[in-house]
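Student: Could you take me through the salt bridges in this one, with a close look at where the partners sit and how buried they are?

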Amino acid sequence: MGRGTVSTLWLEQLSPDKGPLYLQIADAIEQAIQNGALRQGERLPPQRSLAKQLGVDLTTITRAYAEARHRNLLDAIPGRGSFVAIRERNSAPAIDLSMNIPPAPQWLRLSELMSSGISEILRRSNVDQLMSYHAGAGSLADRAAAAQWLAAVMGDGSPDRVVIAAGGQAALMAILSVETRPGDVVLADRLTYPGFIRGAAQAGLTVEAVEDDGCGMRPDALIRAARTSGARLAYLTPTTHNPTTVTLSEGRRLDLVKAARSSGLTLIEDDPYALLTGETMASLAMLAPERTYHIATVSKCLTPGLRIAYVVTPDDDRQDRLVQALRAFTLMPAPLMIALLTLWIRNGTAWSLLEGVREEAAHRIALALSLLPETVKAHPNGLHVWQPLPTHWSRHRLIEAAQRQGLGITGADAFHVGGPVPDAVRISLGAVHPRKALADALQTIAMIIRNDRRLERAVV
């Protein structure tokens, strides 16, 4: 056989006495897949070549391949040919690699931590007061715990600037309502957090993309975009960018702050990953406190169920307006969860849990780097990787192929604001347990990508 030729021994039993030839060929393809003579992802002979080899009309082969596709046996790829479909493993559960969730440390007994923590809170607190309505930015004690939690990225900031919100998404929506009006333009990276894109659309805003250079948003492009669009607000994720994993350098942060000041921009710094990754660079809010909202949710570094985010505000006036907006959106965060998080920060539980999540995340990132194609991008302690695809791959085809294997991944389209949409996918690593299941899932994705690359080289 020549390069790229597939054996057709599985077709030797064809006979005019067994019914229409096109159905026999389709049946033979199905049988060959079942007995392993044809493997998932293999390229079938070109239709003209097979027709000539079998001495039949081209229409017969065309109908046979169409029937095989109808049975979900083949995938037809324009310009490349027909391939054995990567079929769903019926025995495998669906595995979600689409949501950024902090991986639980292997030692964690979350129910025990919560039980002991809540028991201690109930011993110390007035339950009736705890379970009543709580207005305002949060108690001084809870905001002091927040300032302690944020010290690594905010320095020794005052708790007076902190507002406690019911999660990062609620905080983001409230900030947008305070800082914009319907029809306004907000600036962001060309690829950015889908929750921000949806929130901006819900608020009637237009999101315009700012050019980047592979190291993050370009300061000169930010100035130009602010001038041409009239935007007064820009949204950034400076640490472990979602989805590209880029972390802004200290120099880039300083240059972006300078650009924001010269353009009169207010910044929303969405920073869910800094504490998890252990980055020690100053936050944008520390560099430009007078114009930056800093959002730090614990959903990405501890556990989503707490539904708590700390927001550092630029000044008293905007803090008051933010508190009113949050009250309109969510009324209040759950007081019991706030009390639990404050207790965990004070007694060290939160720090131990953070370190455990960080260690587990590092193991998973290392696993991904060892299994996925070498183009993969990651932060050593992140929750996700960014996988650019070979030039001949389509992200849509990869997502479909992964779905047939029971795997959920997220394509670049979900993050797209402007410019060309790259053929790339985000693969989140935290939700799959145990690690062996994650390794199997990553190996499957790598097999799909690399097998297709092999087949590309095999095309005559």
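Tutor: Arg 252 is buried, at a relative accessible area of 14% (buried is under 20%, exposed over 50%, partly exposed in between, with a 1.4 Å probe and protein chains only). Its salt-bridge partner is Asp 213, 2.8 Å away, N to O (the rule: a side-chain nitrogen of Lys or Arg within 4 Å of a carboxyl oxygen of Asp or Glu). Asp 213 lies in the loop between strand S6 (206-210) and H9, and Arg 252 in helix H10 (residues 250-263), so the pair ties together parts 39 residues apart in sequence. Helices (H or I, at least four residues) and strands (E, at least two) are DSSP runs, numbered from the N terminus. Asp 213 itself is partly exposed, at 40%.

Keep in mind that this is a predicted model: local features need pLDDT of at least 70, side-chain atom pairs count only at pLDDT 80 or more, and totals for chains, interfaces and linings use all residues. Residues are numbered from 1 along each chain as its sequence is written, and side-chain values use heavy atoms, leaving out hydrogens and water.

Next, Arg 232 and Asp 184 form a salt bridge at 3.1 Å, N to O.
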